[in-house]
Amino acid sequence: MDTLLITDEEVKGLLAMREVLEAVEKAFGQKGLGRVQMPAKSYLYFKRFNGDLRTMPSYLEDLDVSAVKIVNVHPDNPSKHSLPTVMAVIVLVDPKTGLPISIMGGSTVTSMRTGAAGGVAAKYLARKDSRVAGFVGAGTQARTQLMGLAEVFKKLEGVKVYDREKNAVARFVSEMTELYSGAFKIRGTDSVQETVAGADVVVTTTPSREPLVMSDMISQGTHISCIGADAVGKEELDPAILKRARIVVDDWEQASHSGEINVPLSRGLVTRENVWAEIGEVVAGLKKGRQGREEITVFVSTGLAIQDAMTAEIAYRGALQKGVGRPIKIV
Ligand SMILES: NC(=O)c1ccc[n+]([C@@H]2O[C@H](COP(=O)([O-])OP(=O)(O)OC[C@H]3O[C@@H](n4cnc5c(N)ncnc54)[C@H](O)[C@@H]3O)[C@@H](O)[C@H]2O)c1
């Protein structure tokens, strides 16, 4: 009858990208097969504070994994409050009884499962021989996006990174170079243009509300993972790129409301017909991913509750095995 309390700091020691990537891929596949319950995220907008809060429930029926996450996005937090932009709490629930079996800090789960989603998307949508990645945005999500890509592309040779904050670039370069012991070269650039030039995979992770990556910067054959746009009004790509690309979303409802396509859709610049598939359909083998070397592919990520539930489940199992966390009788 106990509930296991696990702090975010403890969760960090319980999650490895390889395992999270496999779990997220499985979650996408289950969604493709129609085996999940996942109402679209619901939002509260704290307009005065430039922030929002989302609730994200889900149930993977065949795997009996269920959870609810609450998560905020406050882009001014790092500069104004010395807090991360994104913070989360997850309640993992036993579907059999409804008992909350664990309450855990969910910030690391969020960034790891988001990195894993980028990795899975690149696996199916990027060219297999991708060697160079260009990152626009050098914050928390950018780090786990690189971890996801490094797991999928063992021959990664170079990473370029741009952020409007030079300090963020310097921190990213030094931390990630240390993490990968110099296995591939990571360098900062002075512009979006320089970052995306010659990149096989482009990853955008900013909270921008206007396009940063323009169509003339993107060569044929590039894969782009759009991670930053996950609320109404956010966008990072020139809509002209979407017109040239095979677009795969994580979830049509969430993507049309808040993903990279939300602004161009609302302006009639793209339509539902421009969207090829949900990633779950591709993972489940119902639709093809990349269909040629010259294709531009775009993955529109908004973040799915099923990614959180599967990742939280890994952390919970690990905590039980390693004796991490504090059981308390909370209900
Ligand atoms: N798709 C998903 O599943 C998912 C999950 C988590 C977060 N997000 C979104 O990803 C975005 C980034 O989150 P984070 O946790 O990495 O935040 P963060 O604050 O840690 O990093 C964002 C970085 O973007 C930079 N930036 C902001 N505007 C920029 C601009 N115009 N040009 C260049 N750089 C700019 C900032 O300087 C910062 O370094 C947010 O919009 C968040 O809502 C998406």
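Leu14 counts as buried because its relative accessibility is 8%, where buried means under 20% relative accessible area, exposed over 50% and partly exposed in between (1.4 Å probe, protein chains only). Leu14 sits in the loop between helix H1 (8-12) and helix H2 (17-32); helices (H or I, at least four residues) and strands (E, at least two) are DSSP runs, numbered from the N terminus. Apart from neighbours within four places in sequence, the contacts of Leu14 are Ile6, Ile314, Ala315, Gly318, Ala319, Lys322 and Val324, contact meaning heavy atoms within 4.5 Å. Asp230 is 216 residues from Leu14 along the chain, and the C-alpha atoms of the two are 26 Å apart.

This is a predicted model, in which local features need pLDDT of at least 70 and side-chain atom pairs count only at pLDDT 80 or more, while totals for chains, interfaces and linings use all residues. Residues are numbered from 1 along each chain as its sequence is written, and side-chain values use heavy atoms, with hydrogens and water left out.

Turning to the whole protein, the secondary structure consists of twelve helices and 18 strands. The radius of gyration is 19 Å, close to the 20 Å that the globule rule gives for 331 residues, so the protein is as compact as a globular protein of that length. That radius is taken over C-alpha atoms, and the globule rule is 2.2 Å times the number of residues to the power 0.38. Along the principal axes, the C-alpha atoms fill a box of roughly 60 × 45 × 40 Å.

Of the 331 residues, 56% count as buried. Among contacts with a separation of 6 or more, 73% are between residues 24 or more positions apart. The protein exposes about 14300 Å², and carbon and sulfur atoms supply 53% of that area; accessible areas come from the Shrake-Rupley method with a 1.4 Å probe, and for residues only the protein chains shown count as cover. The mean positions of the 41 positive and 40 negative charges lie 1 Å apart. Lys and Arg count as positive and Asp and Glu as negative, while His and the chain ends are not counted; the place of a charge is taken as NZ of Lys, CZ of Arg, CG of Asp or CD of Glu.

The chain is divided into domain 1 (3-109 + 306-328) and domain 2 (118-303), with bounds that come from an automatic or database domain assignment. Taken over C-alpha atoms, the centres of domain 1 and domain 2 are separated by 23 Å. Their contact takes 22 residues from domain 1 and 31 residues from domain 2.

Val109 belongs to helix H4 (residues 107-125). With a relative accessible area of 0%, Val109 is buried. Beyond its neighbours within four places in sequence, Val109 touches Val11, Leu15, Ile90, Met104, Asp308, Thr311 and Ala312.

Arg326 lies in strand E18 (residues 326-328) and counts as partly exposed at 38% relative accessibility. Leaving aside neighbours within four places in sequence, Arg326 is in contact with Thr3, Leu4, Leu5, Ile6, Thr7 and Glu10. Arg171, 155 residues away along the chain, has its C-alpha atom 33 Å from that of Arg326.

Two loop residues have positive phi values. Asn50, which is not a glycine, has a phi of about 50°. Asn50 is in the loop between strand E3 (42-46) and strand E4 (51-60), and with a relative accessible area of 37% Asn50 is partly exposed. In Asp64, also a residue other than glycine, phi is positive and near 50°. Asp64 falls in the loop between E4 and strand E5 (65-73), and Asp64 is partly exposed, with a relative accessible area of 44%.
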